[in-house]
Amino acid sequence: MEDYNVLNLPEENYFGEWEKADVKAFGKWFMTEKDNRIQMLSDEIHRDPDFIDWQPDFSPESLKTLNDWFERHIEAEPMPEDEFQEFIKKYKGMARYENKWITTKSKSLVFDVSIYFGEVLLRALGDRKWKQLLNVSIRNYDYGCMYIPFLPPHPHRLIVTPWRIVWSFAVDLIHYPNLKEGGIYPRYMKTYESLKNRLKSV
């Protein structure tokens, strides 16, 4: 079983400060390494004896057990106080949150879970593949991210970015631990239906 390799992800999950060549290289890396990252995630899950039987079979049902593991293993830690004060000066709306933020390893796990989430979607749909968002402003928060397109393209240019979906759930776990709705599986079903229904409605 291979040791888990923590990813070095962009600061604040935003590619806009990267050189364009590096952003494109990330997209190529993603397509080459996504299966390896899923295997690494599977190995990490199997280190927990309560989840030794989990199988990454890309079924929607597999997301239910993955959700249980995710809730148990996503961790947070406080920023140093000076960094936190600088952060909330930059993002004033974040001042309402407790100084409790997802750890570097957990950020990496979020990313890997999002790959698996996206692969489950792609296998269920069977008619599209990963794309990288490049032909937009670098100020677009999803710039450089890997996404799943609507078919035909959505009239409002909406896309599905699994990383953002899983990240949002992780933030909810940290800041709203008593939230009882919106786990990985319900978010998958909502996303799947939106992608599928767009195809059917045109």
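**Exercise 1.** Sort the lining of the second largest pocket by residue class in this predicted model.

*Solution.* 
- Start with the classes: 10 residues are nonpolar, four are polar and three are charged.
- Then look for its centre.
- Finish with the volume, about 400 Å³.

**Exercise 2.** Describe the largest pocket and find which elements supply its lining.

*Solution.* 
- Begin with the space inside: about 980 Å³.
- Of the 32 lining residues, E12, M79, F87, K107 and W167 are the closest to the centre.
- Now turn to the elements. At least two lining residues come from each of α3 (81-90), β2 (101-102), α4 (104-125) and α5 (162-175).
- The largest share belongs to α5, with six residues.
- Last, sort by class: 17 nonpolar, six polar and nine charged residues make up this lining.

**Exercise 3.** Work out how the buried residues of α3 are arranged around the helix.

*Solution.* 
- List the buried residues, those under 20% relative accessible area. In α3 they are F84, F87 and I88.
- Look down the axis of α3. The buried residues fall within an arc of 90 degrees, so they line one face of the helix.
- Check the other side of α3. There D82, K89 and K90 are exposed.
- Ask what covers the buried residues of α3. The cover includes β2.
- Link back to Exercise 2. F87 is buried in α3, and F87 is also among the residues closest to the centre of the largest pocket.

Terms used: Residues are numbered from 1 along each chain as its sequence is written. This is a predicted model: local features need pLDDT of at least 70, side-chain atom pairs count only at pLDDT 80 or more; totals for chains, interfaces and linings use all residues. Side-chain values use heavy atoms; hydrogens and water are left out. On a 1 Å grid over the protein atoms alone, a cavity is a set of points where a 1.4 Å probe fits but cannot get out, and a pocket is an open set with protein on both sides within 12 Å along at least five of seven lines; lining residues have an atom within 4 Å of a point. Grid points are joined across faces, edges and corners, and a volume is the space filled by probe spheres set on the points. Helices (H or I, at least four residues) and strands (E, at least two) are DSSP runs, numbered from the N terminus. Ala, Val, Leu, Ile, Met, Phe, Trp, Tyr, Cys and Pro count as nonpolar, Asp, Glu, Lys and Arg as charged, and the others, Gly among them, as polar. Buried means under 20% relative accessible area, exposed over 50%, partly exposed in between (1.4 Å probe, protein chains only). The arc is that of the directions from the helix axis to the C-beta atoms. Contact means heavy atoms within 4.5 Å.
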